[in-house]
Structures are given as C-alpha cells and as structure tokens.
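Please keep the sequence and the model in view while reading.

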Amino acid sequence: MCLFLHFILKNNICNLKNSLSYNFTMKEKFLINGGKILSGEIEVEASKNAYLPILAGSILCDDEVTFLNAPYFTDIENMCEILKILGVKIRRDGEVLSLDLHNIKNEKISHEHTNKLRASIFLLGPLLAKFRQASISYPGGCNIGTRPIDIHISAFKSLGVKIVERHGYIYCNAQNMRAGKVVFSSISVGATESVMMSAVLLKGKTTLYNVAREPEVKELANFFNAMGAKISGAGSDRIEIEGVKRLKGVSFKVFPDRIIAGTHLLLGAMLGKNMRVIGARREDNEILFNILKECGCSLEEDEMGATISSNGKYNACRFIETLPYPNFPTDLQPQFMAFQTLGKGTSVIKENLFENRFNHVMELVKMGADIFVKDRLAIVKGVEKLYGADVFASDLRAGAGLVLAGLVAEGYTTISNIEYIDRGYERLEEKYARLGADIKRVKE
Ligand code: UD1
C-alpha cells in the first residue's frame with residue numbers, strides 16, 4: 001500500500017506540470033454552398049469506436065500488431081500519442097499502422113491526454129491486467145453529457161481491484177484482481193469493453209452479464225481472439241472470457257464505421273442520385289436501413305454496400321428513440337434530425353442516452369428548421385427548405401448533422417469548430433466534394 005501511495009503522489013506532481021502546458025491550434029471551418037445533387041461512390045473508413053479500445057487493448061500483447069486500415073481521425077492520433085507515452089513504438093505507412101509492443105511501461109495518463117479523448121479510459125483495464133497497478137486522470141471527450149465512469153469502476157471493484165479517486169485521478173491497485181462474475185448495473189459500451197480487456201489474461205473464467213451488444217464489442221472480441229484470447233458470447237448480453245497466458249502478434253483489419261455509413265446514407269437520402277456507400281452494411285445498421293425505406297427512399301443493397309437515391313421528397317419518420325444496440329444509435333441522432341427537418345410531416349425524436357445531445361437543434365433552427373425541444377424529446381416539423389447560416393459544431397456528431405444540413409440548404413453555410421468533426425471523419429469535405437458537393441475547409 002505504501003508503494004501505491006507513492007505512486008499517487010508522483011502522479012499528482014506530474015499532473016500539475018502538465019496542466020501548465022497549453023495548445024494553440026489554427027481554427028478552421030467549413031464553407032458550404034448547398035443544394036448540389038451528389039452521385040458517385042464513397043467509401044466508409046474503419047470504425048473509430050472499434051479502433052479506440054482495440055488500440056488500447058493492444059498493449060496486452062508483447063509482440064507486434066499491425067492494423068491494415070487505420071483511418072486518419074484525430075481520436076485515433078490522440079490514442080496513438082498516449083500509447084507512445086506507454087513505450088509503444090508506432091509506425092504509420094498510409095493506412096497501415098504498426099505497433100511494436102515489446103517495451104511497454106506503466107506510466108501515468110495525465111489530464112493533458114485524457115482531456116482530449118474520453119476513450120483514454122480504455123487504457124485502464126489493459127494497464128491493470130498487465131501491471132496490476134494504474135493511474136489515470138478522469139477522461140474528457142465530446143460535450144454531450146456528464147458521462148460518468150461509475151459503471152467501469154464498480155465492475156473493476158467486483159473483480160477485486162482497489163480504487164481510490166482523488167484530485168481528478170483514479171488510482172487502481174489490482175494485486176488481488178481475480179477472474180469472476182461481473183453484473184453490470186446498466187448497459188455501457190465502454191464499461192463492457194474495459195472489463196473485457198482487463199480479464200483476457202486473468203487466470204480462470206470471467207463472466208460478464210448485462211453487457212453491451214454493439215458490433216464494436218464483437219469486433220474487440222474478434223481482435224483479441226485473433227491474438228489467441230478465448231472470448232465467447234460477444235454480441236449477446238453475456239460474455240465469457242477464459243484467461244490465457246499470453247497474446248500473440250497479429251495483422252488486423254477493422255470493420256467499417258457504421259456511424260459514418262449511416263451519415264453518408266442520410267446525406268444520400270436527401271441529395272443522392274445513385275450515391276453508392278461502400279461499407280454500408282445492413283447487419284450493422286438494420287434499423288436505419290428499415291427507416292430509410294419506410295420514409296420512401298430508394299435504397300439498393302449489394303455485397304459491398306448500398307446505393308441510395310433521393311427525389312428530395314420523403315416522409316417524416318413518426319418516432320425514433322436512441323437506445324443501446326440493436327436500437328437506434330445515439331451517434332446518428334443529430335444526422336437523422338437534419339434529415340427529418342425536410343421530411344413530410346412531423347417526427348418525434350427521443351434522446352435517452354446523453355442529456356446534452358440536442359445542442360445542434362439551435363443551429364438547425366438558425367437554418368430554418370422547425371424544432372421544439374422539451375426535456376429529452378425533440379419534435380421536428382418538416383419544412384420546405386433550409387437556408388444557409390453561420391453555425392457551430394458543439395460535438396462530433398452534431399457537427400456531422402450540420403454538414404448534412406448545410407449541404408442540403410439553399411445558399412452559404414459556415415460551420416465552425418470543425419476540429420470536433422475531424423475526431424471521427426477523415427477529410428469529410430474532400431470526400432463529399434468528390435461526390436459533387438460544394439464544400440471547402442477554410443481558415444476562420
Ligand atoms: C460509446 C461510444 C459513443 C456512443 C456511446 C453510446 C466509443 C468510444 N464511444 O461511448 O460514441 O455514443 O457508446 O452508444 O465507443 N454511463 C454511466 N456510467 C458509466 C458509463 C456510462 O452512467 O460508467 C452512462 C452514460 O452516461 C450513457 C450510458 O451510460 O448515458 C451509455 O454510455 P456508454 O455506453 O458507456 O457510452 P461510451 O462507452 O462512453
């Protein structure tokens with residue numbers, strides 16, 4: 001315990017030093033001249049939300065891991081920066097990202113890094129599994145709600161981890177961590193993934209109940225199993241992990257990002273003329289595929305993706321609510337709302353997951369949308385047209401929703417704070433410009 005306290009003290013001093021450093025970056029915005037019909041092919045990048053835990057979980061291997069399709073999202077770059085602190089040697093050659101994991105060390109993860117990336121919390125489980133001790137500053141991330149981490153913490157505690165929360169840090173001692181049973185009090189994607197990672201190398205069987213069923217959880221299990229782990233049940237509500245002694249190196253390709261696929265399909269539903277989205281898979285987005293068809297959009301599926309066309313007229317979807325997978329994803333709610341602003345009729349959208357996830361509403365209203373918000377409900381009455389305006393992206397997906405609105409609106413739109421959009425979309429403006437959109441990245 002004495003060593004543990006020493007660890008806490010050392011980390012607080014480092015935290016103070018880091019909080020004194022500042023990062024000035026040149027601001028950029030999107031300038032959009034809306035109303036252009038979009039056609040051609042667009043390819044969906046690999047899933048950000050699968051990559052983030054997978055990158056963190058890589059440190060459980062002490063060999064080399066190669067990713068064959070790593071996108072240039074700032075969230076991925078930020079995770080790589082944290083991995084470097086832990087001693088990972090990283091090489092990038094285009095989309096190929098190689099991690100040399102031979103010399104991993106246990107370092108504090110300071111506020112400077114966790115502030116940029118909520119997914120930094122994913123390092124806690126792997127660090128505990130590897131070093132039996134870890135400390136990490138509370139994670140930051142997009143401004144969509146309070147986003148506590150109590151479910152992660154109580155799950156670790158139920159495996160025997162001792163945790164002290166002090167001065168904005170979480171200090172963990174896992175000397176007595178044992179395989180066992182974890183029953184999650186409510187469904188959390190991140191907590192499911194965190195605990196899965198902490199149990200991969202634990203001797204014996206760990207069973208997780210009431211877990212998230214998101215495709216990203218399944219992909220994390222696929223990644224570990226490819227390295228020799230024994231995880232079964234991912235994708236259902238119960239996961240079993242039989243601990244193994246070590247993980248071997250691997251080359252891995254992550255599945256396409258279902259939220260980006262959904263964003264492109266929604267854009268195509270407003271402006272597409274035979275717009276083909278390669279990597280849009282019904283299996284990951286069943287509910288969206290069904291809704292688009294119900295709204296009257298033409299959507300044709302093939303083995304590589306889906307082609308969408310719009311005649312600019314579609315029905316409003318009467319009611320959707322965001323809930324854990326396989327229900328409607330909260331990460332598509334702002335883009336879906338942008339789509340609904342022009343639907344024929346009235347649509348009711350209920351946001352159940354994050355309390356601040358209607359920040360885009362005011363911006364859409366500036367563009368002529370008719371939206372009324374009461375608590376977690378947004379009532380969207382379809383209008384004839386949106387008009388260009390100067391708007392602000394308050395978070396990643398809100399920003400994506402505004403891009404869709406700007407592209408369909410009449411006249412010029414500027415979108416500020418696009419660094420949020422870059423967290424999870426790769427040069428979105430270039431990709432949409434190739435389809436015929438008039439969108440540019442300009443200095444503020
Ligand atoms: C992940 C996704 C995020 C997505 C979200 C919901 C990644 C990197 N991010 O986030 O894009 O919007 O799933 O699909 O995969 N909660 C608690 N305590 C906790 C953890 C969560 O109360 O300890 C609450 C959250 O505030 C939220 C709900 O549980 O209301 C679900 O959150 P969770 O599934 O954990 O989301 P993330 O893993 O953070």
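Helix 6 (150-158) and helix 7 (189-199) each contribute at least two residues to the shell around the ligand, and helix 6 gives the most, with three residues. Helices here are DSSP runs of H or I with at least four residues, strands are runs of E with at least two, and both are numbered from the N terminus. The model is a predicted one, in which local features need pLDDT of at least 70, side-chain atom pairs count only at pLDDT 80 or more, and totals for chains, interfaces and linings use all residues. Residues are numbered from 1 along each chain as its sequence is written, and side-chain values use heavy atoms, with hydrogens and water left out.

In total, 18 residues surround the ligand, the closest being D150, S188, V189, D331 and L353; a residue is counted if one of its heavy atoms lies within 4 Å.

A polar backbone atom of V189 lies 2.7 Å from a ligand oxygen, a polar side-chain atom of N49 lies 3.0 Å from one, and a polar backbone atom of P148 lies 3.2 Å from one. The protein covers 85% of the 730 Å² of accessible area that the ligand has on its own, as computed by the Shrake-Rupley method with a 1.4 Å probe.

The ligand lies between domain 1 (2-45 + 256-443) and domain 2 (48-252), because both give residues to its shell. These bounds come from an automatic or database domain assignment. The centres of domain 1 and domain 2, taken over C-alpha atoms, are 27 Å apart.

Between strand 17 (319-322) and helix 11 (333-340), the loop holds P326, which is joined to Y325 by a cis peptide bond with omega of about 10°. In the loop between strand 7 (162-166) and strand 8 (169-173), H167 has a positive phi of about 50° although it is not a glycine.

Confidence is expressed as pLDDT, the predictor's score for each residue from 0 to 100. The protein chain averages 93, and 93% of the residues score at least 70. Over residues 9-24, however, the pLDDT is below 50, and this stretch has 16 contacts in the model beyond near neighbours in sequence, a contact being heavy atoms within 4.5 Å. Where pLDDT is low, predicted coordinates should not be read in detail.

Technical notes:
Polar contact = N/O pair within 3.5 Å; in protein donor to acceptor, adjacent residues only side chain to side chain.
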